[in-house]
Amino acid sequence: MSSVDYATRIPNNVDLDQDRRLQRALESWQPRFVAWWKELGPVAFQDHDVYLRTAISVAQEGWANFGYVRMPEYRWGIFLADPTPDRRVGFGDHLGEPVWQEVPGEHRAELRRLVVVQGDTEPASVEQQRHLCLTAPSLYDLRNLFQVNVEEGRHLWAMVYLLHRYFGRDGREEADELLERHSGDQDNPRILGAFNEPTPDWLSFFFFTYFTDRDGKFQLASLKESAFDPLSRTCEFMLKEEAHHMFVGATGVGRVVQRTVELMQEHDTDDVAPFGGVNVATLQRYLNLHFSVSLDLFGAETSTNAANYFAAGLKGRFHEDQRPDDHRLQGATRAVPALVDGQVTTREVPALSALNETLRDDYVEDCRKGVERWNRLLAPVGAELRLPHVGFHRQVGVFAGQPITPEGQLVDPGTWARRAQEEWLPTEADRAHVASLMVPVREPGKMAGWIAPPSTGVHGKPLDFEYVRP
Ligand SMILES: [Fe+2]
Ligand SMILES: [Fe+2]
């Protein structure tokens, strides 16, 4: 790879062709990445032409170029959003100081950890989704899955760029380990719980992209505030791609809801499973699962790490600049959930220590919007979906392992376990039914019977365009 034209092979705006050290690091990492992609990326269609967008620059027109490409030949690039002239630290102890172009020695370990944890989620989701290509409900959906997958691959590249460029030898070792941990691996799993859960079917995929990719949006948005400018600019560009992943989730669930409503009206029943649809009760249980697992990704309600990250300027809040406070939070307090005498209540804590909870609150608000849109589709049949209480089915923080109902009531553990299994989380019958619907549809323009078609195709192409072709 020594004589390659870097700008062509690895589209970038980081002057890769001028940076020998970075070239050498990437030269040894890149073949391992491709080997990983072939081994743990999509289980099929690796030799097909897929109609994908590729980022080739950060300009308005350049970040989304569409064309047919074989996935192993996808040009994973390295892009940072354009710099903001005279950008200043927007929060914490360094408020108002110029942002950093290199990693300060005293924050090196923490920054590396933040980059590694974010980076670890990116290939994890590709691994989780690798079997879905066998059962896509349409070519349109198959293409969207692959778009999400290649972009998660690019997000990995984005984090590896930071590790290689700014963290020296230990950064290179961390970059290697990002390809060595694997989702669900007994001995060497991914770092965060939700990224070790399987994504067994397309209903799970749509809820995953709605709820779990949205966690990504909020993590990236708070890292975008970072005083470490290369991290900030990297995350800003990643957020553009992330928006499409959440679109896939929001419209995917919406199309399933739409089809369910049609079947309910056509057959005048709530039970549309015999007619090849997904019941609202089943949708609610999938929603409960994916929402609760995603809430855990934000960590415990109070966290010294989160306080330190903020004070040091490493990780800010969502839309930090739009917050009407002093951006330092010294002396400020806020309420966080608490359990006292068997009651779900709140307690007042320093706002600095509660930043995980603040980000989780913002996330929940964002999640609500999509649920409201789905409920508008459900209104004609008098049904609705709801976000469960934040204490339901949690593994992290004050609610971890607590028998809290989706309505937020504490019940006895036996009752909780029984009702969770039978009513609140996907049942074996739900899983079996959804699995029975996972029949691939590969004729251009055709859709599986459990999901409505999307309102438009991709990038102005018609719905019956051959989005994936041999
Ligand atoms: Fe991502
Ligand atoms: Fe994503």
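Helix axes are lines fitted to C-alpha atoms over the stretch in contact, and angles run from 0 to 180 degrees between N-to-C directions. In this predicted model, the axes of helix α4 (residues 139–166) and helix α7 (residues 229–267) come within 10 Å and cross at roughly 170°. Angles over 145 degrees count as roughly antiparallel, so α4 is roughly antiparallel to α7. On the α4 side, the contact includes Asn 144, Gln 147, Val 148, Glu 151, His 155, Ala 158, Leu 162 and Tyr 166. These meet Pro 230, Leu 231, Thr 234, Met 238, Glu 241, His 244, His 245 and Val 248 of α7. By class, eight residues of this contact are nonpolar, six are polar and two are charged.

Helix α4 also meets helix α5 (residues 168–177). Their axes come within 6 Å, with a crossing angle of roughly 155°. The pair is therefore roughly antiparallel. The crossing of α4 past α5 is left-handed. Val 160, Leu 163, His 164 and Tyr 166 of α4 make the contact with Gly 171, Arg 172, Glu 174 and Ala 175 of α5. Four of the contact residues are nonpolar, two polar and two charged.

Strand β3 (residues 333–340) pairs with β4 in the antiparallel sense, over eight bridges. Strand β4 (residues 343–350) is hardly covered. Among its eight residues, the count of buried ones is zero.

How values were computed:
Residues are numbered from 1 along each chain as its sequence is written. Chains are lettered from A and ligands numbered from 1 in the order in which they are written. This is a predicted model: local features need pLDDT of at least 70, side-chain atom pairs count only at pLDDT 80 or more; totals for chains, interfaces and linings use all residues. Helices (H or I, at least four residues) and strands (E, at least two) are DSSP runs, numbered from the N terminus. Angles under 35 degrees count as roughly parallel, over 145 as roughly antiparallel, 65 to 115 as roughly perpendicular and the rest as oblique. A crossing is left-handed if the near helix is turned anticlockwise from the far one by less than a right angle, and right-handed if clockwise. Two residues are in contact if their C-beta atoms, placed from the backbone, lie within 7 Å. Ala, Val, Leu, Ile, Met, Phe, Trp, Tyr, Cys and Pro count as nonpolar, Asp, Glu, Lys and Arg as charged, and the others, Gly among them, as polar. A residue is buried if 20 or more other C-beta atoms lie within 10 Å of its own, exposed if 12 or fewer, and partly exposed in between; C-beta atoms are placed from the backbone. Two strands pair if DSSP finds at least two bridges between them.
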